[in-house]
Amino acid sequence: MNPEALRLWDGPVLGIETSCDETSVAVLEGLSVRANVVSSQAKLHEQWGGIVPEAASRAHVEAFLPAMEQALSESGMNLSDITAISVTNRPGLVGALNVGLTAAKGLAYALEVPFVAVHHLEGHLLSPLLDDPDLRFPHVCLLVSGGHTEIVRLEGLGAYRLLAQTRDDAAGEAFDKTARLLGLGNPGGAAIQELAQGANPERYPLPVALEKEETLDLSFSGLKTAVLRLVESEGASLDKPDAAASIQHAIARALVLRGMQATEREGVDCLTLVGGVAANERLRQSLAKECERRGWRFRTPRAEYCTDNAAMIALAGSWRLAAGQRSGWEAEPESTAPLPGPVES
Ligand code: KG4
Ligand code: ZN
């Protein structure tokens, strides 16, 4: 991106992310990630088969200070070196968000530095910049995580337009739910990817919803039902690696189809892939190949910046801070929120 347009906060920014089940603290200086510590609660929630909000909040309280200490130590900095704070305040689990937000306010007060509360999805949308400062705008982004599956057009920083989204389950949810049907652990996407290695993705044909319809929307609830039927009908003879490969193939096909259609319709020549599901190797390779065939750029950050992390949150706040945006003590956590707009003064 044009360096003029990418004006970032001058000095170390502490990023804080606690919107779901990852406690993450990062230190970002310009576009350099000095530290990005992620403490996952996936194992904790596995016993309940889903995220329990109250348990998530408590686990964030326990994990926050150790994560911050580790981030400071890895970056070779002291708290007094931090010049600004960026924290996720929306969307997410309100109790979980509140842990990070309250910590951010306390730190900003004590250190006498500014803080800004940012939208979690802006972190994901901008995450490709962490690996590619030359990222071009406008471009189309496929944002695929456990809670969201959205196709967004990015005109520039703070200029985002939602083009389409899932009508039911998110892509990550589809991985997680079908993984559970196969008896695999959490997070489901990574477990399916691992089991699918070397297996046959054509063995069990699974549907791609809305494939022939004139829409950019996605839908994954039918896939979950189809896998349930497959598991029931095959019983003990089900080949699990082939089933995992077939599920991965079906989800990737749906996302590649929509990614190509959206980029084409928007008349742009660059597609990005972000969010936890972007860590999927099969999906990354397919999108890279299809974009290359069309002469388009394809950008996706390294896996560490795809799943929830505070480095991307520090980045989303850094340009807003540099442009003068500040949050006040009245900032609150919000469970839902539309995509953010330009800098608020
Ligand atoms: O972005 P993220 O960490 O959290 C949310 O904001 O939701 O995404 C988590 C999702 C989970 O559904 C998980 O199964 C999926 O990302 N995921 C993957 C992979 N690694 C994580 N899905 C497919 N392949 C992977 N390698
Ligand atoms: Zn996320």
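**Exercise 1.** Work out the volume of the second largest pocket and what lines it.

*Solution.* Start with the size: the second largest pocket holds about 180 Å³, where a volume is the space filled by probe spheres set on grid points joined across faces, edges and corners. A pocket here is an open set of points on a 1 Å grid over the protein atoms alone, with protein on both sides within 12 Å along at least five of seven lines; a cavity is a set where a 1.4 Å probe fits but cannot get out, and lining residues have an atom within 4 Å of a point. Keep in mind that this is a predicted model, where local features need pLDDT of at least 70, side-chain atom pairs count only at pLDDT 80 or more, and totals for chains, interfaces and linings use all residues. Residues are numbered from 1 along each chain as its sequence is written, chains are lettered from A and ligands numbered from 1 in the order written, and side-chain values use heavy atoms, without hydrogens and water.

Next, the lining: 16 residues, with Arg90, Ala117, Gln325, Ser327 and Glu344 nearest the centre. β5 (115–119) gives the most, three residues. Strands (E, at least two residues) and helices (H or I, at least four) are DSSP runs, numbered from the N terminus.

Finally, sort by class: four nonpolar, five polar and seven charged. Ala, Val, Leu, Ile, Met, Phe, Trp, Tyr, Cys and Pro count as nonpolar, Asp, Glu, Lys and Arg as charged, and the others, Gly among them, as polar.

**Exercise 2.** Describe the site of the zinc ion (ligand 2).

*Solution.* List the protein donors first: His120 (NE2), His124 (NE2) and Asp308 (OD), 2.1 Å from the zinc. Donors are N, O and S atoms within 2.8 Å of the metal (3.2 Å for Na, K and Ca); water is not among the atoms, so sites may look incomplete. Then read the spacing along the chain, H-x3-H-x183-D. His124 lies in helix α4 and Asp308 in the loop between β10 and α10, so this pair ties together parts 184 residues apart in sequence. Last, check burial (under 20% relative accessible area, 1.4 Å probe, protein chains only): His124 is buried at 1%, and Asp308 is buried at 13%.

Methods: Buried means under 20% relative accessible area, exposed over 50%, partly exposed in between (1.4 Å probe, protein chains only).
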